[in-house]
Amino acid sequence: MEWNSPLSASVSNNKKDLVQITVYEKGSSEPRVIEVPRGANLRKALLENNVDVYTLRGKLTNCGGGGQCGTCVVDVVEGAGFLTPRGVRETRLLTDKGRPDAWRLSCCLRVEGPVTVRTKPQ
Ligand code: FES
């Protein structure tokens, strides 16, 4: 009979609650892989891992993650089904302006599984 210490169960559960984000940063062909807690806000997770989500204009005018400015756009390459469905804010700032369906506002997204994104597609 195998014995599992409470510590190994804790490590196992913690690992299970992490999801991978593969990021292609603008100007780089090499992806970075970061691990974040399941349910993390995508914009916040990227910024906390030193991934720049804003263009110069976005750096000057972003709304700080409030879903109002439309400057935190990422292109979702894989794993769209693991992200929060498109809401009213994204529809107003992206769909209504003719942006591709794969473009999403990172501040409006929770990450529930592995995803691959490209930064600054605009
Ligand atoms: S930071 Fe303004 S819409 Fe995302």
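What follows is a working chat about a predicted model of a single chain.

Biologist: Before we start, what should I keep in mind about the numbering and the confidence cut-offs?
Modeller: Residues are numbered from 1 along each chain as its sequence is written. The model is predicted, so local features need pLDDT of at least 70 and side-chain atom pairs count only at pLDDT 80 or more, while totals for chains, interfaces and linings use all residues.

Biologist: Fine. How many helices and strands are there in the chain?
Modeller: The chain has four helices and seven strands, where helices (H or I, at least four residues) and strands (E, at least two) are DSSP runs numbered from the N terminus. Along the sequence the pattern reads α-β-β-β-α-α-β-α-β-β-β.

Biologist: And in what order do the strands of the open sheet come?
Modeller: Five strands form that open sheet in the order S2-S1-S7-S4-S5, with mixed pairing; two strands pair if DSSP finds at least two bridges between them. Strand S2 (32-37) and strand S5 (103-105) are at the edges with a single partner strand each, so one side of each has no neighbour in the sheet. On average, neighbouring strands here are turned by 40° against each other, direction ignored, the axes being lines fitted to C-alpha atoms, for helices over the stretch in contact, and angles running from 0 to 180 degrees between N-to-C directions.

Biologist: How do S4 and S7 run, and how many bridges join them?
Modeller: They run antiparallel and are joined by four bridges. Within S7, Thr-119 is the residue opposite Val-74.

Biologist: Switching to the core: which residues touch the most other members?
Modeller: The largest nonpolar core has 22 residues, and those touching the most other members are Ile-21, Ala-45, Leu-105, Val-111, Val-115 and Val-117. Two or more residues each come from strand S1 (18-24), helix H2 (42-48), strand S4 (73-78) and strand S7 (115-119). Such a core is a set of buried Ala, Val, Leu, Ile, Met, Phe, Trp, Tyr and Cys residues joined through C-beta atoms within 7 Å. A residue is buried if 20 or more other C-beta atoms lie within 10 Å of its own, exposed if 12 or fewer, and partly exposed in between, with C-beta atoms placed from the backbone.

Biologist: What does Ile-21 touch, then?
Modeller: Not counting residues up to four places away in sequence, Ile-21 touches Ile-34, Val-36, Ala-45, Val-111, Val-115 and Val-117; contact requires C-beta atoms, placed from the backbone, to lie within 7 Å.

Biologist: Where does Ala-40 sit, and is it buried or exposed?
Modeller: Ala-40 lies in strand S3 (residues 40-41) and counts as buried, with 20 C-beta neighbours inside 10 Å. Its contacts, leaving aside neighbours within four places in sequence, are Ala-45, Arg-110 and Val-111. Ala-40 and Val-111 are 71 residues apart in sequence, yet 5.5 Å apart in space, C-alpha to C-alpha.

Biologist: And Leu-46, what is it in contact with?
Modeller: Leu-46, in helix H2, is buried with 26 other C-beta atoms within 10 Å. Apart from neighbours within four places in sequence, Leu-46 contacts Val-23, Val-51, Val-53 and Ser-106.

Biologist: Last topic, backbone angles: which phi does Asn-50 have?
Modeller: Asn-50 has a positive phi of about 60° although it is not a glycine, whereas most residues other than glycine have a negative phi. Asn-50 is in the loop between H2 and helix H3 (56-61) and is exposed, with 9 other C-beta atoms within 10 Å.

Biologist: What about Lys-120?
Modeller: Lys-120 has a positive phi of about 45° and is not a glycine. Lys-120 belongs to the segment after S7 and is partly exposed, with 17 other C-beta atoms within 10 Å.

Key:
Two residues are in contact if their C-beta atoms, placed from the backbone, lie within 7 Å.
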